[in-house]
Amino acid sequence: MKVGIKTISELSGYSIATVSNVLNNKRSTNKDTKEKILRIAREIGYLDEGKLESVKLIVAKRHGQVVGDTPFFSALIDGIAATCREKGLSFEICNLDRTGADYDETRSQLLLDRSAGLLLLGTELLEEDVEPFTHCLSPILVLDSWHPKLPLSSVIINNTDSAQRAVEYLIEKGHRKIGYLKSSVSIQNFRERERGLARALEKYGVSRNPAWDVPLTPSMDGAYRDMKLYLQARPALPTAYFADNDMLALGAMKALREEGVRVPEDVSLIGFDDLPFCEISSPPLTTIKVDKQQMGKMAVRMLSDCVSQDGGAANFKLAVCTEFIERQSVRDLTAGNE
């Protein structure tokens, strides 16, 4: 039996006009009414589309200090766009800025938009920011963030294991005084990378010195300025630093060089992301490669698969593996060339 607005009206207790307003994204209906009607519409299969025809990437910003016009996010978007073209899907980017005056209105429109499958870039978002999207009408997948309490599928980076491998590499090269170039803005990715750092140190019985944790603004210029200021106090330095990402590592590298600290002769550096700058920095930066384009491609494919299964698939967390890239920014202390 085909279900329609009349069925939803009978099950919800609201009038046909009210149900129609909600399903057609009218703004006059209150939040509780919307949620009840949409829940019933999903439960009885009214909202099942069965085929993905369009993808909308929601570039969500909580503060805008991490997500921006960087090579990482550009490559991610390229991967999404390329796969949409392959599949014959239209593709649109929508910006959602929590600091903007129209944040609530824009989010409400997205939650009620049935025209496209949604990819939510959750890099900066907290669980409370993502939770409203559990009520959206369209199929949705979260990209670069995962919240275990929320019933949403995600494609993420294998942060903890990757960071652990990088720090173990430093230890294998003879480093026991290992510092941490830490973003001054905390996001889930960075917290997971710090966990990997801690695991590696604990595994090898290496003590962590809090004095070698250096908070840096998460941009190349910001990291340079902060590291420059830190070095001017002439602190005792470790023999190596692991950085939350390449932007921090490259900014710090510039400051170290200007303050007369040689990389890698005096201090070694490892970053995370493998941005294009890493190959041409002086010295070239050892880092962890994240295949940003492949991550975007996988997200579109998984979203398409979820739609084709009519929402019947279980929620999943897919962690994208990384590749360790060895370049010239780490000194081998085991080689007897101190």
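Which helix gives the most to the lining of the second largest cavity? In this predicted model, the answer is α8, with three residues. Helix α8 spans residues 188-203, and both α8 and β5 (153-157) supply at least two residues of that lining. Among the lining residues are Ile 156, Ile 157, Gln 188, Asn 189 and Glu 192. By class, the lining comprises three nonpolar, four polar and two charged residues, and the second largest cavity has a volume of about 30 Å³.

The structure holds two cavities of 30 Å³ or more. The largest cavity has a volume of about 40 Å³, and its lining includes Val 130, Val 142, Leu 150 and Leu 152. Five nonpolar and three polar residues make up this lining, with no charged residues.

Two elements, α3 (31-43) and α5 (103-111), each give two or more residues to its lining. Six charged residues line this pocket, together with four nonpolar and two polar ones; Lys 31, Lys 34, Asp 104 and Arg 107 are among the lining residues.

In soluble globular proteins, nonpolar side chains tend to be buried together. The largest nonpolar core here has 68 residues, of which Leu 119, Leu 181, Met 227 and Phe 242 touch the most other members. Helix α10 (residues 246-258) contributes the largest share of this core, eight residues. Beyond its neighbours within four places in sequence, Phe 242 is in contact with residues including Ala 163, Leu 181, Phe 272 and Ile 288. A second, separate core of 17 residues includes Cys 94, Leu 96, Leu 110 and Leu 125.

Technical notes
Residues numbered from 1 in each chain as written. Predicted model: local features only at pLDDT ≥ 70, side-chain atom pairs only at ≥ 80, totals over all residues. Heavy atoms only, no water. 1 Å grid on protein atoms, 1.4 Å probe; cavity = no way out; pocket = protein on both sides within 12 Å on 5 of 7 lines; lining within 4 Å. Helix = DSSP H or I, 4+ residues; strand = E, 2+ residues; numbered from the N terminus. Nonpolar A, V, L, I, M, F, W, Y, C, P; charged D, E, K, R; others polar. Core = buried A, V, L, I, M, F, W, Y, C linked by side-chain atoms within 4.5 Å. Buried < 20%, exposed > 50% of the residue type's maximum accessible area, 1.4 Å probe, protein only. Contact = heavy atoms within 4.5 Å. Points joined across faces, edges and corners; volume = space filled by probe spheres on them.
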